[in-house]
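Please keep the coordinates open while reading.

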Amino acid sequence: MSWERIQVLVREDLEATAPSDAEILARFSRLKAERSAAPVSSFSLSQYGFGALALGALAAGVFWISSGGTPFTEGVRVTKEAWKERASLAERPEDRQPTVSAPTSAAPVTEPALRREPRDSSPTPRARSLSAPRETKRSDPASLALPEASWEEIARAMRDGHEERARELIVQLRGSSDAETRDNARLADVQMSLDVRGGARTLPPAMLATLKDLRATGATSSIRGSARRLLAQLEAGGTPAAEELPANSPSSPAAP
Amino acid sequence: MFTDVLPEQGLSMAPSARAHFAGKESELLLLIYRQMRSLVGPHRDLDDLVQTALEQILKSRFEGRSQLSTFTHSICFRVWMKHLRSHYRWRALFSSQSDEQPKHTIDPKTPLAEIETNERLRHFYRVLDRVSPKRRAVVILHDISGEDVATIASIVGTSEATVRTRLRDGRKRLRELLEGDLYYGREPREGPSS
């Protein structure tokens, strides 16, 4: 494919996948509201780190200056007399470890026997409060049902780079009651599970089975056709043929 | 170091220009969004980058010596480059091979067409990630955004000769990367949907 053709394709894709103006404005209004609600620091983590280092260096400098600019060990001279004095001070009675004499009594020391308290038939206050089952409100199944995802939401998620979210939505659509939607979602799931290693496309075995099933029983002809084409590519190894590679000339004319 | 205002290009804002921005934040936002999106593609940090660029533009000075779009484009470019400096090496180390591989093409008549388009576009920008940022920016600005060489030179802050050199080198590198590409390595087939 010529570079001119690629440019056109990329511009078209950018245009086709761009969100609407209203969507952009709404999104940034939300972001702005979120940011104004949460306290935001104007400094990044690295800036805090540098700041802490700078403060530490400043504090060390101030201390050094206040100590007369002398090294920390200077002025502290340990003489023999000082050592002896220090050693004698360490002998203060109150500093000695208290000694505990061994018991002289021959009576064996036993643990107080564990006495079994008679079981109180009446429940403990805590248990009493738990004994009566609480009336739980039964959840309404309808209220638990999640709104079905839409293809627009999936496209939006992919547009925003949220692939995980897109996959979640596709999984939701796989449970759709509509057969076409369900099979389209299965096909999208297969597509997103496709991996390419060393130029060849690969699929996990479960996804391959899904693809084969879609080829045979897809809800619409286009789903069956897409599945058939993908399987053919997988079985062929998935690499483009040599004659399909673009010409070396940068200004090769675009194909019609 | 402790300021989050980008270095200015020696521009100063006239009071009338500041008044021009007031009340037109929405238009400015849409302009910045489109410009940033063409630079970085459908990136997960796109919203943050746009927000940062908008804040920078509102803080910085615009005299009106160039077009507003050129001014905003230059801010977007700088915000993006600053973002890349923070994350470029991390991404180069931790981006996996499978992240760069495309998916197959699907029938354009199915609802999956938009997903396919998104994926193709994301693939293109992933390939672009492998081109040096300066060359990539020039290629995007010229070939995708349609800016001329003189404008690009003022956006990226270099000479026109340098822009032409980066454009040539960037295109050459892209061609090498896209050769044999499963999305862009061949013309899309217009087969019948059966």
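Which pattern does chain B follow when read along the sequence? The pattern is α-α-α-α-α-α-α-α, and chain B has 8 helices and 0 strands (DSSP runs numbered from the N terminus: H or I of at least four residues for helices, E of at least two for strands). This is a predicted model, in which local features need pLDDT of at least 70, side-chain atom pairs count only at pLDDT 80 or more, and totals for chains, interfaces and linings use all residues. Residues are numbered from 1 along each chain as its sequence is written, chains are lettered from A and ligands numbered from 1 in the order written, and side-chain values use heavy atoms, with hydrogens and water left out.

Of the 194 residues in chain B, 50% are buried (under 20% relative accessible area; exposed means over 50%, partly exposed in between, with a 1.4 Å probe and protein chains only).

In chain A, helix H2 (residues 21-37) has 17 residues and should span 24 Å at 1.5 Å a residue, which agrees with the 24 Å between its end C-alpha atoms (the expected span is 1.5 Å times one less than the number of residues). The buried residues of H2(A) are Ile24(A), Arg27(A), Phe28(A) and Leu31(A). They lie on the same side of H2(A) because they cover an arc of only 90 degrees around the axis (taken from the directions from the helix axis to the C-beta atoms). These buried residues pack against helix H2 (25-40) and helix H3 (46-59) of chain B (contact means heavy atoms within 4.5 Å). The face turned away from the buried side of H2(A) carries the exposed residues Ala22(A), Ser36(A) and Ala37(A).

Elsewhere in chain A, Leu58(A) lies in helix H3 (residues 45-66) and is exposed, with a relative accessible area of 55%.
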